[in-house]
Amino acid sequence: MEKIQYDYSAQHTVKQRVHVGVVGSGDLEVLLEPSPDARTHVLVNTSVDGFEAIWKNVLDRFFARFHGAVSIEINDFGATPGTVMLRLAQAVEALRV
Amino acid sequence: MNPDAASRAGYRRFLERRSFIEMSARERVRAVLDPGTFREMLGPFDRIKSPWLPLQGIVAQADDGVVLARGTLQAKPALIAAIEGTYQGGSMGEVSGAKIAGALELALDDCAQGRLILPVLLFETGGVRLQEANLGLAAIAEIHAAIVALRRYVPVVGVIAGMVGCFGGMSLAAALCSQLIVTPQARLGMNGPEVIEQEAGIEELDAADRGLIWSLIGGEQRYATGFADDLLEDDADAIAAAVRKAFSTAPVSTPAPTRSRQVERYRELLRSIDPNQPLDGESLRRLWQPRLMP
């Protein structure tokens, strides 16, 4: 099990919190909340060790398009990068509803 | 209606119905409660999760796989506890078990003071979480005690939808419910088929033989042999309606004796089985159905 943390700059505040996903095989859980400061914080808890570079690629790409100041906790149970992207997109979509 | 039109209409109904099985635990609770009344307790953002799984290198889910919610059923106060079957096989650990037991005990306090709360349990569980062993078992025992205490005041309604089913100590919790609702995809049993195959050998039970497994412990068989009170297709609206019906057909003032109170009746059913004769699902139905008639 590994814990990985990233910070990103943000441009606008977010007021809601959103929960999507499940810590099931090949899936992950995303907890998205307003950030305590003006930056975005991501904490990844993953059951699969040794994929830090891939996590960084996936999250860099996601936060190049989304600029809300959020704190995100990801509980991952072996999701593929595609599934991670879909869950993050789902969380952000739920913010807009 | 000609046969073609009938089968087309059946097909359309199949396509239009909302699958309960495919829903997450949280979606299931929302589907059962009156619309707009869902209020979650100890939700994922409270982060009351397993302290034991990370110590064993396993990522914990923020709600430990149990969704607790208050809301209403036909405008009456209700409590629903739903187990997320895709997280650790819906297993009961210290936290997930305590969430259910604690919620049932609070409902019991309310009922004892004359404020009736309708309790519903949505099972999807392999039983105790092996990584948390005795702590999970202790919580399951508390759930059993709470169900037995609570059903003196109000029916306790259980639902097993599938596809995990309901096994181990939690199969006892299901059996203790005043009313149990199943789908054909549900399974209910003490030991799961994989465990039986592993312990007794593939000659005893082939866990990969789905037809055989469901003929023994599947929802249809459990309903036909008197272990469940209602059998429904996998349809969220039908299940929500059946939960309401279960509370209205089991009057609070004069509840029918629960299964676990009918000790002599079940002893008699067991005595009717000749262990020297081969027994399968079909022959158990033939043997018990005349005896199950009220």
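This is a predicted model: local features need pLDDT of at least 70, side-chain atom pairs count only at pLDDT 80 or more; totals for chains, interfaces and linings use all residues.
Start in chain A, with a pair of strands. Strand β3, residues 18–21 of chain A, runs antiparallel to β4(A), and 4 bridges join the two. Strands of a sheet pair through backbone hydrogen bonds, either parallel or antiparallel.

Now turn to helix α1 of chain A. It covers residues 52–63, which makes 12 residues. From first C-alpha to last it reaches 16 Å, close to the 16 Å expected at 1.5 Å a residue. Which residues of α1(A) are buried? They are A:Trp55, A:Leu59 and A:Phe63. Seen down the helix axis, the buried residues fall within an arc of 50°, so they line one face of α1(A). The other side of α1(A) has exposed residues: A:Ala53, A:Asn57, A:Asp60 and A:Arg61. The cover over the buried residues includes β1 (2–9) and β5 of chain A.

Next comes the contact between the chains. Chain A gives 15 residues to it, and chain B gives 13 residues. On the chain A side, β4 (28–34), β5 (39–46) and β6 (68–76) each supply at least two residues. The largest share, 3 residues, comes from β4(A). By type, the chain A side divides into 5 nonpolar, 6 polar and 4 charged residues.

Move on to chain B and its sheet. This is an open sheet of 7 strands with mixed pairing. The order is β1-β2-β3-β4-β5-β7-β9. At the edges lie β1 (39–41) and β9 (230–231) of chain B, each pairing on one side only. Further in, β5 (residues 157–160) and β7 (residues 179–182) of chain B run parallel, joined by 4 bridges. There, B:Val159 has B:Ile181 of β7(B) as its bridge partner.

Helix α5 of chain B spans residues 169–176. Its buried residues are B:Met170, B:Ser171, B:Ala173, B:Ala174 and B:Leu176. Among the elements that cover them are β4 (118–123), α4 (133–150) and β7 of chain B.

Strand β4 of chain B holds B:Phe123. Is B:Phe123 buried or exposed? It counts as buried, because it has 27 C-beta neighbours inside 10 Å, and 20 or more are enough. Leaving out residues up to four places away in sequence, B:Phe123 touches B:Ile83, B:Gly158, B:Val159, B:Ile160, B:Cys166, B:Met170 and B:Ala174. B:Phe123 and B:Phe167 are 44 residues apart along the chain, yet their C-alpha atoms are separated by 9.4 Å.

Finally, look at the nonpolar cores. In soluble globular proteins, nonpolar side chains tend to be buried together. The largest core here has 70 residues. Which of them touch the most other members? They are B:Ile80, B:Leu104, B:Leu122, B:Ile239 and B:Val243. Helix α3 (residues 94–112) of chain B gives the largest share of this core, 9 residues. A second, separate core has 26 residues, including A:Val14, A:Trp55, A:Ala79 and A:Val84.

Apart from residues up to four places away in sequence, B:Leu122 touches B:Ala25, B:Arg28, B:Val29, B:Ile80, B:Ala82, B:Ile83 and B:Val159.

Technical notes
Residues are numbered from 1 along each chain as its sequence is written. Chains are lettered from A and ligands numbered from 1 in the order in which they are written. Two residues are in contact if their C-beta atoms, placed from the backbone, lie within 7 Å. Ala, Val, Leu, Ile, Met, Phe, Trp, Tyr, Cys and Pro count as nonpolar, Asp, Glu, Lys and Arg as charged, and the others, Gly among them, as polar. A nonpolar core is a set of buried Ala, Val, Leu, Ile, Met, Phe, Trp, Tyr and Cys residues joined through C-beta atoms within 7 Å. A residue is buried if 20 or more other C-beta atoms lie within 10 Å of its own, exposed if 12 or fewer, and partly exposed in between; C-beta atoms are placed from the backbone. The expected span of a helix is 1.5 Å times one less than its number of residues. The arc is that of the directions from the helix axis to the C-beta atoms. Two strands pair if DSSP finds at least two bridges between them.
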